[in-house]
Amino acid sequence: MGRWGGSAALLVAAGVMLGSDPGPGSVVLAALMVLLAYLLSPLLFPSSPGDAAGRKRGREQGVPVVYWRPGCHHCLKLRLGLLATRGRAVWVDISSDPDALARVRSVNGGDATVPTVFSRGSVRTAPSLRWVRVQLAGARGR
């Protein structure tokens with residue numbers, strides 16, 4: 001489906017809904033669909049540097065490396081939580097990089113579970129927002 005697939009489908013559905021029934025309820029629902037399309041789109045996540053470049057950038061900047069994939073609601077929740085605190089991390093998309101996918105599988109018993117976060121020599125799968133914020137605070141204190 002690609003990076004834009006889910007968002008595009010939601011936008012088309014919102015347009016069809018408004019075209020067939022432009023009543024107030026449909027307008028509200030269409031607005032919610034547009035918001036969800038944005039949240040699931042690549043616009044909210046920076047472009048993925050890939051596994052090798054992401055690891056390097058994480059080391060150089062001293063920040064966590066977050067492995068994610070489009071459409072993952074746990075990844076979205078983490079991203080929104082970090083946006084609220086202006087938390088900086090390196091985001092690597094496992095759906096566009098086989099090496100990133102292999103790295104995630106290597107620490108998750110063969111599963112491609114995301115978000116998986118590597119930071120300061122440790123790794124957490126589906127970490128709490130609090131844990132990632134602590135990692136970021138440690139990075140800022142360097």
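This is a predicted model: local features need pLDDT of at least 70, side-chain atom pairs count only at pLDDT 80 or more; totals for chains, interfaces and linings use all residues.
Residues are numbered from 1 along each chain as its sequence is written, and side-chain values use heavy atoms, with hydrogens and water left out.

**The overall fold**

The protein chain has six helices and four strands, and along the sequence they come in the pattern α-α-α-β-α-β-α-β-β-α. Here helices (H or I, at least four residues) and strands (E, at least two) are DSSP runs, numbered from the N terminus. Of the 142 residues in the protein chain, 40% are buried. Buried means under 20% relative accessible area, exposed means over 50%, and partly exposed is in between (1.4 Å probe, protein chains only). Contact means heavy atoms within 4.5 Å. Take the contacts between residues at least 6 apart in sequence: 61% of them join residues at least 24 apart.

**The sheet**

The four strands make an open sheet with mixed pairing, in the order β2-β1-β3-β4. Strands β2 (90-93) and β4 (122-125) are at the edges with a single partner strand each, so one side of each has no neighbour in the sheet. From one strand to the next, the twist averages 20°. Two strands count as paired if DSSP finds at least two bridges between them, and the pairs look like this:

| Strand pair | Direction | Bridges |
|---|---|---|
| β1 and β2 | parallel | four bridges |
| β1 and β3 | antiparallel | three bridges |
| β3 and β4 | antiparallel | four bridges |

V66 has W91 as its bridge partner in β2, while V65 stands opposite F118 in β3. F118 in turn stands opposite V123 in β4. Strand β1 is covered on both faces: V65 and Y67 on one side are buried, and so are V66 and W68 on the other.

**Helices against the sheet**

Helix α3 (residues 51-61) lies across β1 (65-68) and β2, and runs at about 170° to β2. For these angles, axes are lines fitted to C-alpha atoms, for helices over the stretch in contact, and the values run from 0 to 180 degrees between N-to-C directions. Helix α5 also packs on the sheet, where it touches β1, β2, β3 and β4, and its direction makes about 90° with that of β3.

A salt bridge is a side-chain nitrogen of Lys or Arg within 4 Å of a carboxyl oxygen of Asp or Glu.

What R103 does have is a side-chain polar contact with the side chain of Y67 (2.8 Å). A polar contact is a pair of N or O atoms within 3.5 Å; within protein, one must be able to donate a hydrogen and the other to accept it, and residues adjacent in sequence count only if both atoms are side-chain atoms. Leaving out residues up to four places away in sequence, R103 touches D51, R55, Y67 and F118.

D51 belongs to helix α3 and is buried, with a relative accessible area of 7%. Its side chain, too, makes a polar contact with the side chain of Y67 (2.5 Å). With residues up to four places away in sequence again set aside, D51 touches Y67, V92, D97, D99, A100 and R103.

**The salt bridges**

How many salt bridges turn up in a search of the whole structure? Two. In one, the side chains of R55 and D51 meet at 3.6 Å, N to O. Both residues lie in helix α3, four residues apart, or about one turn of the helix. R55 is partly exposed, with a relative accessible area of 33%.

The other joins the side chains of K56 and E60 at 3.8 Å, N to O. K56 and E60 are likewise in helix α3 and four residues apart, about one turn. K56 is partly exposed at 46% relative accessible area, whereas E60 is exposed at 58%.
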